[in-house]
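Q: I'm new to this one. Can you walk me through it?

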Amino acid sequence: MAEAAPQQLALPSGLLELCALLGPPRDSLRGPEQVAQKKDVKGLSSLDPEVLSVFVPPFVTKEDSQLAEVNCGTLGKTRRRSFRKKRERARAEPSKGHPGGPRGLDPEDVSIPNGVDLLALPQLCFPGGMCVASEPKEDCVHFLVLTDICGNRTYGVVAQYYRPLHDEHCFYNGKTLWEASGPGGSAAGCFVPFAVCVVSRFPYYNALKDCLSCLLTHLKICKDLEVDNHIKDFAAKLSLIPSPPPGPLHLIFNMKPLQIVFPSRVDPESPLIDLDLHLPLLCFRPEKVLQILTCLLTEQRVVFFSSSWALLTLVAECFIVYLHPLQWQHTFVPILSGQMLDFVMAPTSFLMGCHLDHFEEVSKEADGLILINIDTGSIAYSNEEDVDVPDIPLLAAQAFIQRVQSLQLHHELDLANLCASTDLHEGRASRRAWQQRLNYHIQQITLHLLVSIFREVKNHLNYEHRVFNSEEFLKTRAPGDQQFYRQVLDTYMFHAFLKARLSRRMDAFAEMDLHTQSEEDRIDGMLLSPRRPTIEKMASRRSSVPCPPPRRLVVSMPNLQDAGVPELPPRNSSLRTVHSTDRGGSRAVLDMPPKLTYTFKIPEIHFPLVGQCVQVFHADCVAQLSKAMGSLPPENSALLARYFYLRGLVQLMQGQLLGALLDFQSLYKTDMRIFPADLVQRTVASLPAPERVQAERTPQLRRLISEVMDKPADAPKADDRVKNFELPRRHMELDDFVKRVQESGIVKDAGIIHRLFTALTVGHQKQIDPETFKDFYNCWKEAEAEAQEVSLPLSVMEQLDKNECVYKLSSSVKTNRGVGKIAMTQKRLFLLTEGRPGYVEISTFRNIEEVRSTTVAFLLLRIPTLKIKMVSKKEVFEANLKTECDLWLLMVKEMWAGRKLADDHKDPQYVQQALTHVLLMDAVVGALQSPGAIYAASKLSYFDKMKNEMPMAVPKTTSETLKHKINPSAGETFPRAVDVLLYTPGHLDPAEKVEDAHPKLWCALNEGKVVVFDASSWTIHQHCFKVGTSKLNCMVMAEQSQVWVGSEDSVIYIINVHSMSCNKQLTDHRSSVTGLVVEAPRTVYSCSMDGTVLAWNVSTLRVTSRFQLLGDGLSAIRLHDGCLWCCTGNRIVVVTTSGAVCQEVKIDQDVRETSASFLGFQLVPEQEQLWAACAGHDDVCIWSLQDLARRPQRIRLQDCSEISCMIRVKKQQIWVGGTGLSRGRPKGKIYVIDAETKTVEKELVAHMDTVKTLCSAEDRYVLSGSGREEGKIAIWKVE
């Protein structure tokens, strides 16, 4: 009894969805004799086309293949996937042609793909109508875009050709009778148009055009009865060609006489491009191109017109590509036949195309249309009163026009100095390469245009609550750009764009934004305080002189003794001038050459198309792919991944399901981006029982099956809605208030918002009413707007640093140094004198010794006065601030305390946080307008209270050793623990961008998040990106281009250093990966908690050896003297690289009684020592490598509660991190121990929270990461 059939697997479709032959109804044509007698053919010139034949894959089914194994000659027994139009309804047309020709089949026997309407197809294939000609016409091609009810698009290429009207016996020796009769034979000729339409899920316009061109060479010389067979064979070929996966591999197929190239998309997020993107630039001036793009961005009702049906689709598709990654969300019908013109009456947005003959008719019948004439390059409006198309932002438009004008759009100019090509394939390949380069540059130019327009949208997003503050964004736009942005912000296209930004999608827009951002933008990502215009920005408003480029950053580590604290950048605006450095960075990105591409030639397909022939074709594909993979260097993993993908697809078609799954599983190690998760899941579900058992016995497949099948089928979809910020309408308690303030974009830090809540609810119930929130919000925004309008005289700006910002101006007051306004920057106080504006220095915050408020007598009044005493001056500054005095006293004292903390802790964010407190105080006082407003604002004097309530002095040793602090959680709502740190040195590679050659600091935060700093300037190089979703345990640089990350989810993630992307995973471990170590030249050892140790070849990413240690708890691994030292539970095991145990170290007997386990260890070969620490203990144990059995020496760390990490620095220092007491409070502490003398050299108070991780940077600096209470990284000097 036959085994039960497994669940049917729906195989992915190839290039072909459907192929159809269209032409006149056979019954509408008179006999050849009547036509020959009719001199005037106008009576037959107008016909109604219809579908004559349809061919739908698969042309050979599984049953056909089984039948072919019995008798491969019985072609006539295969079930056809085609039908021909019947002559009569009652009976099917009899089969004609060779013995294997088609049998009569009802149309219902063939399943037509979704989106293909056979009733509308004839109109689209003959959009200008079907006309019988008196003489043969040239073949022509046009293109279709078909959309189903779900919005999914398929693409059609239509080739029209003419055949003489004759009976089936008019052929003689391959020629028609009229050809054989000489010139006189065609005098009364009558030529009938036919069309072949190929429909595909992919927009292969050029490739399918070439394919149809090859087909027409056969159709012109064949008999009528052979046409269907030729088309069927043509369709069968296309149906067997798999679609190439995204990436650098293109497919080549020999269609004879042409070699057809099927390009792939660049990456999974990019569109597939198989057309000439410069066509619109040949038809329109750059200014007109910008106008059309504006019409699309504002979602107008757009109609293209041309006398060429082909150009309608191609030009419209080019503009769709120009918008990427924004996507046109509305109706897209690039070709309307004469019967479809009423479509332009639709009230919604659309993009359509009509023949130029209908221009007057369409412009009169419909209002509010944008009419674009491709032939003349002009743009008109059907009714200008109903159309409102704004101009694109000026600076972005100017840059676009300049770049387009620099393009070389004519291939003939490149060929002028070259000899003529005598090889057809060589000439076509040269033209294709030129077009590929040009397409790439055009895409870069249009992408840069979009980035220039929308770059600053991210400054008004709240990612946590998915809120976009559109009103605040519009306020930052230039007045001339306001109309454009108001219209764009209301479109579906922009809404989808916002969803992608809020999801932090790393698409083409995000990558271009990252690669073209200035150093100012990088620093901006690290700031906590609100942005204000810098002095440099104010100066740029007055002068168009470009600012000098910044000091060149070196590749080695910075000298932190001279490193300045990053200051605040300006608030961005659409009027921002393009500095020379920005232009250079943008030009560098735009001038980068396109990525290298490769080709794979599809084997020949043999006919007749029976199951056995298809099997041979599939076998040839697998053999050639395997051969190509065997000759490929392992470093080219991107190309290897495409070979794996294609071989997996072909093996699926062969029915080799296990082989296909193994190939798809290999994508984990080569490129996860193209892993077909849905296809793999369906393949696993269709496995027969014996193969499923076999798969479960294969380790790689067992892991793959568990991953794809354990995912919930109906996982709840994440809420990706975008909310626009609105003021609250009901009372808010603390949690709701925190959310509202974060949504507003005023402050993100939850701790600061808690203090703000306390301030606004002083003396009231712990709720905030909508009116109070509105008043506070308006005061904040008014102060923000006033700061944007501050304009300082040039003589004043010369006295300030270029990155200083004016945060607060007092009203005009009398001081002991003149009359004027007191100005506060992040660095100093100064007096802006009145009359003849001038600058009088009051004091820097660092130089203040005392601040107090008094009153002075004036007649019968007592006027509140602010007094500031400086360290370096005897004279005390006095200002009669009157009603502002108390507020300024709070603000100056808070800034003074913040500056002191920043200097003591070498952490510039204290100043930024103090600035936030100061601005919030100002807004609170303005909102409350009550006698208790100052007391309420004092609740925000956080740092001033810290200074008064407890000593702020940092221990001298700590202060001398600490050089800087940075915050990887900047911009987050709360701090995140720093789990792992890795420093990677810079490498000068001519192929890399300059910033890629800088040294980097990799920070692993919780939930698989990684932040990368440029270690030459300590600015953020790459904002947070995800590496899985679990805690990360270890990181190592396996080679210059790879960083390996071990995770709690048992996966090793591989990050590409250049692209900052994680597209590879190693899944051979079965439990948490806890350690990674590199052995020269190209081997990495990894260990997991279950005791497994694997050796990896870095080039091939294959496991070269593995062994298992007894017991669980393997937490660390080191390589020394050719052996692996493994920390597992209460012992350290020394094993060879093959797993043979050499030595063993166990925890001291006194410690073992407490059930302790080793936390970590370090080897000091110079002193022949093994240093180890136990979890939960406050001492370090030291063994001699000469005699590991001897009782270890122990060093107890004073005031240490628990050790958490340790590293070796230079040759004789051990740095130990943990938790300890400092002045009676728990702090994160670091102990620096001399390995030779075994004494503690330094005791450093490192963090507010425990020290979680340590790493060394070139033995010049040590970096420490703290727990989630502080979440910062400290940089320490090594002596």
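A short chat about the chain shown above follows.

Q: What kind of model is this, and how are residues numbered?
A: This is a predicted model; local features need pLDDT of at least 70, side-chain atom pairs count only at pLDDT 80 or more, and totals for chains, interfaces and linings use all residues. Residues are numbered from 1 along each chain as its sequence is written, and side-chain values use heavy atoms, with hydrogens and water left out.

Q: What is the mean pLDDT of the chain?
A: The mean is 84, and 85% of the residues reach 70 or more. pLDDT is the predictor's confidence in each residue, from 0 to 100.

Q: Where does pLDDT stay under 50?
A: Residues 67-80 are one such stretch, with 27 contacts beyond four places in sequence. Residues 167-188 are also below 50, and that stretch has 22 contacts beyond near neighbours in sequence. Contact means heavy atoms within 4.5 Å. Where pLDDT is low, the predicted coordinates should not be read in detail.

Q: OK, the overall build. How many helices and strands?
A: The chain has 37 helices and 55 strands. Both are DSSP runs numbered from the N terminus: helices are H or I with at least four residues, strands are E with at least two.

Q: How much of the chain counts as buried?
A: 56% of its 1279 residues. Buried means under 20% relative accessible area, exposed means over 50%, and partly exposed is in between (1.4 Å probe, protein chains only).

Q: How do strand 14 and strand 15 pair?
A: In the antiparallel sense, over four bridges; strand 14 covers residues 369-373. I372 stands opposite I379 in strand 15.

Q: Switching to rings. How many aromatic pairs are there?
A: The count is 28. F319 and Y322 form one that is edge-to-face, 5.4 Å centre to centre with 70° between the planes. Rings of Phe, Tyr and Trp (its six-membered ring) pair if their centres lie within 6.5 Å; planes under 30 degrees apart count as stacked, over 60 as edge-to-face and the rest as tilted.

Q: Where do F319 and Y322 sit, and are they buried or exposed?
A: They are three residues apart in helix 9 (residues 309-322), so about one helical turn separates them. F319 is buried at 0% relative accessible area. Y322 is buried too, at 2%.

Q: What about the ring cluster with Y485?
A: Ring pairs link F454, F468, F473, F484, Y485, F494, F497 and F509. The charged end of R477 sits over the ring of Y485, 5.5 Å from its centre. That wording requires NZ of Lys or CZ of Arg within 6 Å of the ring centre and within 35 degrees of the ring normal.

Q: Which residue has its ring under the charged end of R504?
A: Y463, with the charged end 3.9 Å from the ring centre.

Q: Which residues have a positive phi?
A: L1101 is one of them, with phi near 60°. L1101 counts as buried at 3% relative accessibility. E1258 has a positive phi of about 55°, and E1258 is partly exposed at 37%.

Definitions and conventions:
Pairing = 2+ DSSP bridges.
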